[in-house]
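Dear colleague,

Please find below the structure that I am handing over to you.

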Amino acid sequence: VERVSDGDTVVAVTDNATKLRIRLLGIDAPEIPHGKAPGQPFGAEAQEYLDHLIGQRSVRLESFGPDGYRRVLAVIWVDGKNVNVEMVRAGLAEVYRGSRCQAYCRELAEAEMRARQTQLGIWAQRQYESPAAYRRRLRMAS
């Protein structure tokens, strides 16, 4: 992993030097600042935690094809752990609700339920706004 762009997107380089932009499948992390748009609470923490888990490390990808932005949709594995689930378990991402779950649905749902129950990370906020709702609100304001 060459760079962690935010809490659910990374740039990696394959063994044959192909650069890949990877979107973690099945999760949605809080937004970090983009241009004049402020980031969401826990956006920087999500990016830092993902960097802690996989930054500058060799990982294994389980690919599910491209998304609409030509990123590789993937589950990332490191040290035998599903990084996508780990982000949700830490309360630094929610289960992605923009489409039907494709993989590890039960694990993701259970991780989110536990994080919510224990009010970890994003779930500790009094007024939680999902990343999808945040993006819609910013588009409407601009």
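**Strand pairing around strand 6**

Strand 5 (residues 60-66) runs antiparallel to strand 6, and the two pair over 5 bridges; strands are DSSP runs of E of at least two residues and helices are runs of H or I of at least four residues, both numbered from the N terminus, and two strands pair if DSSP finds at least two bridges between them. This is a predicted model, in which local features need pLDDT of at least 70 and side-chain atom pairs count only at pLDDT 80 or more, while totals for chains, interfaces and linings use all residues. Residues are numbered from 1 along each chain as its sequence is written, and side-chain values use heavy atoms, with hydrogens and water left out.

The hairpin of strand 6 and strand 7 has 2 residues between the strands, and Asp79 takes a positive phi near 50 degrees in it.

How many residues of strand 6 (residues 72-78) are buried? The count is 7 of its 7 residues, where buried means under 20% relative accessible area, exposed over 50% and partly exposed in between, with a 1.4 Å probe and protein chains only. Both faces of strand 6 are covered: Val72, Ala74, Ile76 and Val78 are buried on one side, and Leu73, Val75 and Trp77 on the other.

Strand 3 pairs with strand 2 as well, in the antiparallel sense and over 5 bridges. Thr9 stands opposite Arg23 in strand 3. In the hairpin of strand 2 and strand 3, with 5 residues between the strands, Ala17 takes a positive phi near 70 degrees.

**Pockets**

The largest pocket holds about 720 Å³ of space. A pocket is defined on a 1 Å grid over the protein atoms alone, as an open set of points where a 1.4 Å probe fits, with protein on both sides within 12 Å along at least five of seven lines; lining residues have an atom within 4 Å of a point. Grid points are joined across faces, edges and corners, and a volume is the space filled by probe spheres set on the points.

In total, 33 residues line the largest pocket, and Arg23, Asp28, Tyr69, Arg71 and Arg135 lie nearest its centre. Two or more lining residues come from each of strand 1 (3-6), strand 3 (19-24), strand 4 (27-28) and helix 4 (131-141). Helix 4 gives the largest share of this lining, 6 residues. By residue type, the lining of the largest pocket divides into 15 nonpolar, 6 polar and 12 charged; Ala, Val, Leu, Ile, Met, Phe, Trp, Tyr, Cys and Pro count as nonpolar, Asp, Glu, Lys and Arg as charged, and the others, Gly among them, as polar.

The second largest pocket has a volume of about 160 Å³. Among the residues that line it are Val1, Asp15, Leu20, Ile22, Arg57 and Leu61. Strand 2 (9-13) and strand 3 each supply at least two residues of this lining, which divides into 7 nonpolar, 2 polar and 2 charged.

The structure holds 1 disulfide, a pair of cysteine sulfur atoms within 2.5 Å. It joins Cys101 to Cys105, with an S to S distance of 2.1 Å. The torsion about the S-S bond of Cys101 and Cys105 is about -110 degrees, so the disulfide is left-handed. Cys101 counts as partly exposed because its relative accessibility is 26%, and Cys105 counts as partly exposed at 34%.

Glu86 is placed in helix 2 (residues 83-89) and is buried, with a relative accessible area of 15%. Leu92, in the loop between helix 2 and strand 8 (94-95), is buried at 9% relative accessible area.

Yours sincerely
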